[in-house]
Structures are given as structure tokens and as C-alpha cells.
Amino acid sequence: MERFRSGMEVINAGAPVANPVVTAECFGREFPFLHAASIVVRPSADLTATEICIAHPAFAVGLFLGLSAESARDVARWLIAAAAEVDRAGIPS
């Protein structure tokens, strides 16, 4: 995978700040299905879609999405609205 090309941004976010939604019991404890700590957002190679990858830091496992330009704008609006709610709560992370 080309990690640094024009129009692509990679975010290495470190440890997750929320509890996992889906886990599996293994060795007497719950393990998350995905430790997402890296995000890539870029236009597709043919410029017909927006690609989003939320993945393990090495990008070996993850969630890969292809969105239309309008859907990508909708997701961006939802993320900004959710971030504003977190800011308004004023709870230190």
C-alpha cells in the first residue's frame, strides 16, 4: 500500500479511547476484535470514490470502506457533530 501519496492522510491515533463494541472471550478475558489505531483517508486511484481504512497499526486487519463524495461529506459532518458533543460535555479524556 502506498502510505504517503498526494491526497492521502494517515493518522496514527495510538490506543483506542473508547471501550470495544465487539469482543471475544479468550484465555479468561475479553479481547476486542479490532484494535483500531490507524486511519487512512484518500481518494480512490480512479478518483470515483473516497477510501477510508480504520485498521490495526500495521494495516494488516481493518475496516475498509469506499464512499461516494456525498457520503464522505455526510460522514465528515457526523464526525464533527459527535466531536462537538464530546467537547460540550467537557469531560477530560
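Two residues are taken to be in contact when heavy atoms lie within 4.5 Å. The structure is a predicted model in which local features need pLDDT of at least 70 and side-chain atom pairs count only at pLDDT 80 or more, whereas totals for chains, interfaces and linings use all residues. Residues are numbered from 1 along each chain as its sequence is written, and side-chain values use heavy atoms, with hydrogens and water left out.

The protein contains one helix and six strands, arranged from the N terminus as β-β-β-β-β-β-α. Helices (H or I, at least four residues) and strands (E, at least two) are DSSP runs, numbered from the N terminus. Of the contacts between residues at least 6 apart in sequence, 28% join residues at least 24 apart. The accessible surface, calculated by the Shrake-Rupley method with a 1.4 Å probe and, for residues, with only the protein chains shown counting as cover, comes to about 7100 Å². Carbon and sulfur atoms account for 63% of this surface. Burial was assigned from relative accessible area: under 20% is buried, over 50% is exposed, and values in between are partly exposed (1.4 Å probe, protein chains only). Buried residues make up 15% of the 93 residues.

Strand 4 (residues 38-43) and strand 5 (residues 50-55) pair in the antiparallel sense over six bridges; pairing requires that DSSP find at least two bridges between two strands. The two strands form a hairpin with six residues between them. Leu47, in the turn, has a positive phi of about 60° and counts as exposed because its relative accessibility is 65%. Phe27 is placed in the loop between strand 2 (23-26) and strand 3 (29-32), and its relative accessible area of 78% makes it exposed. Most residues other than glycine have a negative phi.

In a regular strand the side chains alternate between the two faces of the sheet. In strand 4, Ser38, Val40 and Arg42 form the covered face, while Ile39, Val41 and Pro43 form the uncovered one. Ser38 has a relative accessible area of 1% and is therefore buried. The C-alpha atoms of Ser38 and Ile54 are separated by 5.9 Å, although the two residues are 16 apart along the chain. Pro43 has Thr50 as its bridge partner in strand 5. Thr50 is buried, with a relative accessible area of 18%. Apart from neighbours within four places in sequence, Thr50 is in contact with Val41, Arg42, Leu65, Gly66, Leu67, Ser68, Ala69 and Ala72.

Ile54, also in strand 5, is partly exposed at 31% relative accessible area. Together with Leu63 and Leu65, Ile54 forms a nonpolar surface patch with about 220 Å² of accessible area. Patches are made of residues with over 30% relative accessible area and no salt bridge, like charges being joined within 9 Å and nonpolar side chains (Val, Leu, Ile, Met, Phe, Trp, Tyr) within 5 Å. A salt bridge is a side-chain nitrogen of Lys or Arg within 4 Å of a carboxyl oxygen of Asp or Glu.

The structure holds zero disulfides, a disulfide being a pair of cysteine sulfur atoms within 2.5 Å. Cys26 is partly exposed, with a relative accessible area of 31%, whereas Cys53 is buried at 4%.
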